[in-house]
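I opened the notebook to record what I looked up in this structure. The entries follow in the order in which I made them.

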Amino acid sequence: QLQASGGGLVQAGGSLRLSCAGSGRTFSNYAMGWFRQAPGKEREFVTAISWSADLTYYADSVKGRFTISRDNAKNTVYLRMNSLKPEDTAVYYCAALLWIVSQNSYKSAYWGQGTQVTVSS
């Protein structure tokens, strides 16, 4: 089970840190990813990190602003979001990935519930 938290309302230019805590099993041998879905839009890839944290992947829209990290000892993955924009408003989901090759090529195994991020202009 994956539990995402840390969402909220923030002004444009602000920052948030999302957390995704795993329970019931270890996710240390999974790649982990963050995805988001804005109202009326399809879910989209945001970022992912390999199980060993040596590889990271970012959507072009968040490169340089978002940072993914993980702490396998805590079974938790984080998403630091800086310089937030109104277009970042969405429900953010974390997922455990069986594999990932690129932001367009991956296979999910488990999904957490979402956490709402709202960025006001």
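I began with lysine 74, which is exposed because its relative accessible area is 55% (exposed is over 50%, buried under 20%, partly exposed in between, with a 1.4 Å probe and protein chains only). The model is predicted, so I took local features only at pLDDT of at least 70 and side-chain atom pairs only at pLDDT 80 or more, while totals for chains, interfaces and linings use all residues. Residues are numbered from 1 along each chain as its sequence is written, and side-chain values use heavy atoms, without hydrogens and water.

I placed lysine 74 in the loop between E7 and E8 (strands, E, are DSSP runs of at least two residues and helices, H or I, of at least four, numbered from the N terminus). From lysine 74 to tyrosine 93, 19 residues along the chain, I noted a C-alpha separation of 18 Å.

Asparagine 75 sits in the loop between E7 and E8. I read a positive phi of about 55° for asparagine 75, which is not a glycine. Most residues other than glycine have a negative phi. Asparagine 75 counts as buried because its relative accessibility is 16%.

**Cavity**

I then searched for cavities and found 1 of 30 Å³ or more (on a 1 Å grid over the protein atoms alone, a cavity is a set of points where a 1.4 Å probe fits but cannot get out, and lining residues have an atom within 4 Å of a point). The largest cavity holds about 50 Å³ of space (grid points are joined across faces, edges and corners, and the volume is the space filled by probe spheres set on the points). Its lining includes Asn75, Cys20, Phe27 and Met32. Strand E7 (66-71) and strand E8 (76-81) each give at least two lining residues. I sorted the lining of the largest cavity into 4 nonpolar, 4 polar and 2 charged residues (Ala, Val, Leu, Ile, Met, Phe, Trp, Tyr, Cys and Pro are nonpolar, Asp, Glu, Lys and Arg charged, and the others, Gly among them, polar).

**Disulfide**

How many disulfides does a search of the whole structure find? I found 1 (a pair of cysteine sulfur atoms within 2.5 Å). Cysteine 20 and cysteine 94 are joined, S to S 2.0 Å. The two lie 74 residues apart, cysteine 20 in strand E3 (residues 16-22) and cysteine 94 in strand E9, so the pair links distant parts of the chain. The disulfide is right-handed because its S-S torsion is about 60°. I logged cysteine 20 as buried at 1% relative accessibility and cysteine 94 as buried at 0%.

**Core**

I listed the largest nonpolar core at 36 residues, with Met32, Trp34, Phe66, Met81 and Tyr92 having the most contacts inside it (such a core is a set of buried Ala, Val, Leu, Ile, Met, Phe, Trp, Tyr and Cys residues joined through side-chain atoms within 4.5 Å). Strand E9 (residues 90-102) gives the largest share of this core, 7 residues. Leaving out residues up to four places away in sequence, methionine 81 touches, among others, Leu16, Phe66, Tyr92 and Val117 (contact means heavy atoms within 4.5 Å).

**Loop between E8 and E9**

Aspartate 88 lies in the loop between E8 and E9 and counts as buried at 1% relative accessibility. With residues up to four places away in sequence left out, I noted that aspartate 88 touches residues including Arg36, Arg65 and Ser83.

Note on methods. On a 1 Å grid over the protein atoms alone, a cavity is a set of points where a 1.4 Å probe fits but cannot get out, and a pocket is an open set with protein on both sides within 12 Å along at least five of seven lines; lining residues have an atom within 4 Å of a point.
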